Amino acid sequence: MKLLLKTLVVLLVLVLAGGAFVWSGAYDIGADAPHWTLTERLLDALRERSIERRAEDVQVPSNLDDPALLAEGAEHYDAMCTGCHLAPGMDETEIRAGLYPQPPKLAEGSMGDPREAFWAIKHGVKLTAMPAWGKTHDDAKIWAMVAFLRKLPSLTPEQYRQITGNAGEGDAHEHHDGHEEAAPPADHDHDAHDGAGHDHAAPAATAGAPAAEAAVQAFHEALQRGDREAALARLAEDVQIAEGGSLQRSRAAYAAAHLGDDMAFLQAAQVRLLSRHSALDGDRAWVASEMETRAQWQGKPIALRGSETVLLRQGGSGWTIAAIHWAAAPLASP
Ligand code: HEC
């Protein structure tokens with residue numbers, strides 16, 4: 001009984017002392033006053049364990065490598081995250097300098113467990129500046145960002161700019177002329193906004209056009225799923241499709257003629273991509289691929305070596321396919 005009483009008194013004193021400390025205003029809440037080492041370690045451990053625990057039950061979707069998802073995530077990341085987390089080729093921002101704790105540079109070092117990244121993006125992190133994006137974004141959009149974060153550390157500034165389709169701040173800083181902010185987009189010789197001004201001296205055959213590749217990949221996947229709507233949505237109305245020695249001169253013509261056969265064939269086939277490269281020139285891009293296709297078709301095994309050249313245009317709704325040329329020949333040894 002005596003022990004209990006003593007314990008209660010000690011507890012009461014502690015609570016009062018704590019209250020007095022809070023009330024006195026002695027604690028420096030400023031973001032520019034660092035924690036004691038011990039407090040910092042405790043908070044780190046608290047955050048890590050809390051996120052680990054909570055992320056355990058998160059189910060990782062299987063499509064994180066889907067280029068269309070990556071492209072969507074890239075757009076979100078570029079629009080919402082770079083101020084705090086930066087991007088390849090981007091200089092420090094003013095907001096970062098004043099943040100405590102410092103947001104990690106997500107383009108440096110690996111992201112770690114995708115479930116934990118998903119959880120942190122969705123719910124945010126208390127007592128830091130990391131917002132809960134789940135208040136305004138559904139899970140699919142958050143997974144798109146996670147998919148992109150996995151890729152981010154491997155991107156060069158140039159690739160980052162292309163995949164985000166945006167001359168972001170990272171870009172502006174490359175023109176060290178002190179007038180970046182004032183320069184109209186058309187003065188930049190590479191991005192998507194300058195469709196009107198095709199006055200480049202030399203069309204830049206740049207490192208590639210990941211967003212255009214993503215559109216081609218999404219088209220293929222739609223064909224392979226047998227998803228007519230999604231496949232047609234990737235094609236321009238005046239698309240030109242050359243295959244099997246004939247030319248189809250519009251989306252409607254393709255929809256009426258070969259689309260059905262192509263989908264049926266691809267659904268029965270295994271396609272292995274052998275190579276793919278691309279280049280960007282203003283609001284145009286081309287994507288060239290080689291593939292090997294094997295199928296059991298009308299009772300016979302088929303093995304083809306094929307190539308594909310796709311021309312794309314960038315418009316309001318992203319990259320659409322303006323022309324496709326397919327060529328295939330039987331493989332020597334099926
Ligand atoms: C206002 C600044 C700010 C913005 C904007 C912001 N974050 Fe953060 N983020 C932070 C801070 C600060 C942390 C570090 C939290 C910590 O250290 O506990 C963080 C942590 C993270 C982490 C966890 C990293 C780790 O090592 O555990 C991920 C993932 C993340 N942010 C992704 C994003 C994404 C994606 C966006 C855009 C949708 C975004 N953040 C926007 C400030 C921000």
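Because the model is predicted, local features are described only where pLDDT is at least 70, and side-chain atom pairs count only at pLDDT 80 or more, while totals for chains, interfaces and linings use all residues. Residues are numbered from 1 along each chain as its sequence is written.

The secondary structure of the chain comes to 13 helices and six strands. Here helices (H or I, at least four residues) and strands (E, at least two) are DSSP runs, numbered from the N terminus. Of the 334 residues of the chain, 25% count as buried. A residue is called buried if 20 or more other C-beta atoms lie within 10 Å of its own, exposed if 12 or fewer, and partly exposed in between, with C-beta atoms placed from the backbone. Among contacts in the chain with a separation of 6 or more, 60% come from residues 24 or more positions apart. Two residues are in contact if their C-beta atoms, placed from the backbone, lie within 7 Å.

The strands form an open sheet of six, in the order S2-S1-S6-S5-S4-S3, with mixed pairing. Strands S2 (246-248) and S3 (269-281) are the edge strands, each pairing on one side only. From one strand to the next, the twist averages 15°. Two strands pair if DSSP finds at least two bridges between them. Strands S4 (residues 284-297) and S5 (residues 300-315) run antiparallel and are joined by 14 bridges; the bridge partner of glutamine 296 is proline 301 in S5. S5 is also antiparallel to S6, with 12 bridges joining them, and leucine 312 stands opposite isoleucine 321 in S6. S5 and S6 form a hairpin with two residues between them. A parallel pairing is found where four bridges join S1 (residues 235-243) to S6. Opposite glutamine 240 stands alanine 323 in S6. As a reminder for reading such a sheet, side chains in a regular strand alternate between the two faces.

Helix H10 (residues 210-225) deserves a paragraph of its own. H10 has 16 residues and reaches 22 Å from its first C-alpha to its last, close to the 22 Å expected at 1.5 Å a residue; the expected span is 1.5 Å times one less than the number of residues. Because 12 of the 16 residues of H10 are buried, the helix is largely enclosed by the rest of the structure. The buried residues include Pro210, Glu213, Gln217, Phe219 and Leu223. By contrast, histidine 220 is partly exposed, because 19 other C-beta atoms lie within 10 Å. The C-alpha atoms of histidine 220 and alanine 230, 10 residues apart along the chain, are separated by 9.9 Å. H10 packs on the sheet, touching S3, S4, S5 and S6 (318-330), and its direction makes about 60° with that of S6. Axes are lines fitted to C-alpha atoms, for helices over the stretch in contact, and angles run from 0 to 180 degrees between N-to-C directions. Glycine 226 follows H10 and has a positive phi, near 75°.

In helix H6 (114-123), Ala117, Phe118, Trp119, Ala120, Ile121 and Lys122 are buried. The buried residues of H6 pack against helix H2 (37-55) and helix H7 (139-151). Just after H6, glycine 124 takes a positive phi of about 75°.

Most residues other than glycine have a negative phi, and most peptide bonds are trans. Leucine 86, in the loop between H4 and H5, has a positive phi of about 60°. Leucine 86 counts as buried because 21 other C-beta atoms lie within 10 Å. Leucine 127 also has a positive phi, near 60°, and is placed in the loop between H6 and H7. Leucine 127 counts as exposed because it has 10 C-beta neighbours inside 10 Å. The peptide bond from tyrosine 100 to proline 101 is cis, with omega near 0°, and proline 101 lies in the loop between helix H5 (94-97) and H6.

Finally, 21 residues surround the ligand, the closest being Cys81, Cys84, Pro103, Thr128 and Met130. By class, the shell has 17 nonpolar, three polar and one charged residues. Ala, Val, Leu, Ile, Met, Phe, Trp, Tyr, Cys and Pro count as nonpolar, Asp, Glu, Lys and Arg as charged, and the others, Gly among them, as polar.

Technical notes:
Near = placed C-beta within 6 Å.
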